[in-house]
Amino acid sequence: MGAGIGFFATIITWFIAVGIVSNLSQSIPALDLQAATGLLAVIVLLVVMNWFFHKVYWGGWIGMHNRRKKNLLSSAEDAEISKRHLLFGLGLLGFASVYREGFEVVLFLQSFNLQMGGSIVLGGTLVGLVLSGIVAILTFLAHRRLPYRKMLVLTGTMLGFVLLVMVGEQAQEMQLAGWIPTTRIDWLANMVPDWMGVWFAVYPTIETLVAQLVAAVLVIGSYYAARVQTFTSRQNRADAAMG
């Protein structure tokens, strides 16, 4: 029930966000608004792809939820809280888990809605919901037999590709809006066909290519920073145990 309420709250948030963007479109030029919403989508995706952020934030977030759930269940077994209190606590956990992610998705999709329209975004969202439902069913049925590590690696690879495409598109939109300059690379323009820009956002300009390079460095760098942080934490625990 908590997850269901979180899902409907996400839908309400979607219409609120669309209304805000629509009102802004009446006073802000279309190119500037597209550049702004696209930049917001890139920032959201960069946060999602930040491995060090996940180690610090997600580890604490998931750990807090698990501790809260265990406390609720153990308290119920000890008859310290009523059944109503237990159900409310578990429902609140479900709501917080779904709505936190839903709010992030709403922000992420505003750029696509502005550029391509609500019908295309709705179609893609429905496909995503069906696939998410399949993953949910498999998770409940197969549980520990699923190759979660391989699934996360595949998802991370796909998100990394999407990030590079979005960064290239965003940099070009900022060029069209006049936010950043456009420095064309003539020799590369003869090598890169037009369909590379349409499908993969590869444009023969210094600004777009540098933006994609910076995004890749940030994601890869955060991954290795998270690895170093994990190794350091394990080493400190091992030293403490030996001491």
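## Ground rules

Residues are counted from 1 along each chain as its sequence is written, and side-chain values use heavy atoms, with hydrogens and water left out. As the model is predicted, local features need pLDDT of at least 70 and side-chain atom pairs count only at pLDDT 80 or more, while totals for chains, interfaces and linings use all residues.

## The core

Let's start inside. The largest nonpolar core holds 17 residues, and Trp14, Leu45, Phe108, Leu109, Leu163, Met166 and Val167 have the most contacts within it. Such a core is a set of buried Ala, Val, Leu, Ile, Met, Phe, Trp, Tyr and Cys residues joined through side-chain atoms within 4.5 Å. Buried means under 20% relative accessible area, exposed means over 50%, and partly exposed is in between (1.4 Å probe, protein chains only).

Helices here are DSSP runs (H or I, at least four residues), numbered from the N terminus. Leu163 touches Val42, Leu45, Leu46, Met49, Ala215 and Val219, setting aside residues up to four places away in sequence; a contact is a pair of heavy atoms within 4.5 Å.

## Where α6 meets α9

The axes of α6 and α9 come within 8 Å and cross at roughly 145°. Axes are lines fitted to C-alpha atoms over the stretch in contact, with angles from 0 to 180 degrees between N-to-C directions.

On the α6 side, the contact is made by Leu163, Leu164, Val167, Gly168, Ala171, Gln172 and Gln175; α9 brings Glu207, Thr208, Ala211, Gln212, Ala215, Ala216 and Val219. These residues split into eight nonpolar, five polar and one charged. In this count, Ala, Val, Leu, Ile, Met, Phe, Trp, Tyr, Cys and Pro are nonpolar, Asp, Glu, Lys and Arg are charged, and the others, Gly among them, are polar.

## Gln212 and Ala201

Gln212 sits in α9 and counts as buried because its relative accessibility is 11%. Apart from neighbours within four places in sequence, Gln212 is in contact with Leu164, Val167, Gly168, Phe200 and Ala201.

Ala201 belongs to the loop between α8 (194–200) and α9. With 0% relative accessibility, Ala201 is buried too. Although Ala201 is not a glycine, it has a positive phi of about 55°.

How values were computed:
Helices (H or I, at least four residues) and strands (E, at least two) are DSSP runs, numbered from the N terminus.
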